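Here is a short report for a reader new to this structure. Look over the sequence and the model first, then read on.

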Amino acid sequence: METLTQKKEIIDWIETLDDVLILNEISRIKRQNTFNFEEELKTAITGEELKRRLLAHIETLPWKK
């Protein structure tokens, strides 16, 4: 019964929200709970691609010599 009370309180609170930052954070949490690792893995980059991108980025940094 406590869970139902908590859900009701959260629903009531969300309905009163106008703060975009809080709503975005709630949306992020919702997406996080529906994360599908197998689907995300299909579009992931390889370790070699990560290394290539990282090295390319490091080359663009303004290093002092």
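## Helix 2

This is a predicted model. Helix 2 covers residues 20-33, which makes 14 residues. From its first C-alpha to its last, helix 2 reaches 20 Å. That is close to the 20 Å expected at 1.5 Å a residue.

## A nonpolar patch

Five names make up a nonpolar patch on the surface: I10, W13, I14, I22 and L23. Together they have about 400 Å² of accessible area. Helix 1 (2-16) and helix 2 each supply at least two residues of the patch. The largest share, three residues, comes from helix 1.

I22 is one of the patch residues, and its place is in helix 2. Is I22 buried, partly exposed or exposed? I22 counts as partly exposed, because its relative accessibility is 31% and that class runs between 20% and 50%.

E40 is another matter: I26 and E40 are 14 residues apart in sequence. In space, I26 and E40 lie 21 Å apart, C-alpha to C-alpha.

Side chains of opposite charge can pair when their charged atoms come close. How many salt bridges does a search of the whole structure find? The search finds five.

One of them joins the side chains of D12 and K8, at 2.9 Å from N to O. D12 and K8 are four residues apart in helix 1, so about one helical turn separates them. D12 is partly exposed, because its relative accessibility is 31%.

Another salt bridge joins the side chains of K42 and E39, at 3.1 Å from N to O. Both residues are in helix 3 (residues 37-42). K42 and E39 are three residues apart there, so about one helical turn separates them. Are these two residues buried, partly exposed or exposed? K42 counts as exposed, because its relative accessibility is 63%. E39 counts as partly exposed, because its relative accessibility is 42%.

E49 and R52 sit in helix 4 (residues 47-60). They are three residues apart, so about one helical turn separates them.

E49 is partly exposed, because its relative accessibility is 21%. R52 is partly exposed too, because its relative accessible area is 49%. Salt bridges that share partners join E49, R52 and R53 into one network.

How values were computed
Residues are numbered from 1 along each chain as its sequence is written. This is a predicted model: local features need pLDDT of at least 70, side-chain atom pairs count only at pLDDT 80 or more; totals for chains, interfaces and linings use all residues. Side-chain values use heavy atoms; hydrogens and water are left out. The expected span of a helix is 1.5 Å times one less than its number of residues. Patches are made of residues with over 30% relative accessible area and no salt bridge: like charges are joined within 9 Å, nonpolar side chains (Val, Leu, Ile, Met, Phe, Trp, Tyr) within 5 Å. Accessible areas come from the Shrake-Rupley method with a 1.4 Å probe; for residues, only the protein chains shown count as cover. A salt bridge is a side-chain nitrogen of Lys or Arg within 4 Å of a carboxyl oxygen of Asp or Glu. Buried means under 20% relative accessible area, exposed over 50%, partly exposed in between (1.4 Å probe, protein chains only).
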